[in-house]
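Have a look at the model below and let's walk through it together.

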Amino acid sequence: MSKFPGDLRIVGEFVNTREIQPDLDDWATPEQLRAWLVDHGLIEQDAQVGPSELSRADGVREALRVLALSNNGADVDVRAATGTLNDVAGAIGFHLRFSTEGADLAPTGAGFERALGRVVAIVAEAMTTGTWDRFKTCANDECQWVFYDNARNHSRRWCSMEVCGNRVKARSFRERQSHAP
Ligand SMILES: [Zn+2]
């Protein structure tokens, strides 16, 4: 698995909290989501996270998966996904901070809103610096894991050639065989 650069790792881990097949979710309860956000330094220990926060976090997670699918060349509803991110961005304010390292966008406020704000700010920064295009969802429908495409020509389609690439290729080979006259 290739490594995500810088803070994009947080976004990668955020999306990969859910496995599609079998359906396993690290955020099965609001308490699990809260613990995950605390663990990743995105929220205060005593922040409120309930069922509505869980459903919003899930919405952002799936919107990011869709955008990363689009980065992998899939024809998906990018407009709806960016709408979800705009809802997050519109709900809070951001500080633009310049430093000797460059500039960064930091969400204001506190609690769950700021946690989601941090995630979308990292995505915005990645779009500006050009790393976002390489943030992709695995082309294997049963996997849909997100990975960072570090290939020079941005050509990677699967999270892992050994696992997903070979599995998809074996399947299309079998399909060709079964359709053969
Ligand atoms: Zn995969």
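Pro22 sits in the loop between strand E1 (18–19) and strand E2 (24–25). This is a predicted model, and in it the peptide bond joining Gln21 and Pro22 is cis, with an omega of about 0°. Most residues other than glycine have a negative phi, and most peptide bonds are trans.

Two other loops have something to show on the phi side. Gln144 is found in the loop between E5 and E6, and its phi is positive, about 55°, although it is not a glycine. Is Gln144 buried or exposed? With 22 other C-beta atoms within 10 Å, Gln144 is buried. Then there's His154, in the loop between E6 and helix H6 (161–179). His154 isn't a glycine either, yet it has a positive phi of about 55°. With 13 other C-beta atoms within 10 Å, His154 is partly exposed. A glycine joins the list too: Gly41, which follows H2, has a positive phi near 70°.

Now step back to the whole chain. The protein chain has six helices and six strands, and from the N terminus on they run α-β-β-α-α-α-β-β-α-β-β-α. Its C-alpha atoms fill a box of roughly 65 × 40 × 30 Å along the principal axes. Of the 181 residues in the chain, 31% are buried. Take the contacts between residues at least 6 apart in sequence: 49% of them join residues at least 24 apart.

Next up is helix H1, residues 8–15. Which residues of H1 are buried? They are Leu8, Val11, Gly12, Phe14 and Val15. As a rule, an α-helix has 3.6 residues a turn, so residues three or four places apart point the same way. What do the buried residues of H1 pack against? Their partners are helix H3 (51–71), helix H5 (111–129), strand E5 (135–137) and strand E6 (146–148).

Two packed helices are described by the angle between their axes and the distance between the axes.

| Helix pair | Axes come within | Crossing angle |
|---|---|---|
| H1 and H5 | 9 Å | roughly 125° |
| H1 and H3 | 9 Å | roughly 110° |

Start with H5. The axes of H1 and H5 cross at roughly 125°, which makes H1 oblique to H5. The crossing of H1 and H5 is left-handed. On the H1 side, the contact is made by Leu8, Ile10, Val11 and Phe14, and on the H5 side by Val119, Ile122, Val123 and Ala126. Sorted by class, the contact of H1 with H5 has eight nonpolar residues, no polar ones and no charged ones.

Then H3. At a crossing angle of roughly 110°, H1 and H3 are roughly perpendicular to each other. Here Val11, Phe14 and Val15 of H1 meet Arg61, Leu64, Arg65 and Ala68 of H3. The residues in the contact of H1 with H3 divide into five nonpolar, no polar and two charged.

Finally, helix H2. Its buried residues are Leu33, Arg34 and Leu37. Seen down the axis of H2, those buried residues fall within an arc of 100°, so they line one face of the helix. On the other side of H2, Glu31 and Asp39 are exposed. H3 and H5 are among the elements that cover the buried residues of H2.

Pro30 also lies in H2, which spans residues 30–39. Pro30 counts as partly exposed, because it has 18 C-beta neighbours inside 10 Å. Which residues is Pro30 in contact with, leaving aside its neighbours within four places in sequence? They are Val49, Gly50, Pro51, Glu53 and Leu54. Pro30 and Leu54 are 24 residues apart in sequence, and their C-alpha atoms are 5.6 Å apart in space.

Note on methods: Residues numbered from 1 in each chain as written. Predicted model: local features only at pLDDT ≥ 70, side-chain atom pairs only at ≥ 80, totals over all residues. Buried ≥ 20, exposed ≤ 12 C-beta atoms within 10 Å, placed from the backbone. Helix = DSSP H or I, 4+ residues; strand = E, 2+ residues; numbered from the N terminus. Contact = placed C-beta atoms within 7 Å. Axes fitted to C-alpha atoms, helices over the stretch in contact; angles between N-to-C directions. Parallel < 35°, antiparallel > 145°, perpendicular 65-115°, else oblique. Left-handed = near helix turned anticlockwise from the far one by under 90°. Nonpolar A, V, L, I, M, F, W, Y, C, P; charged D, E, K, R; others polar. Arc of directions from axis to C-beta.
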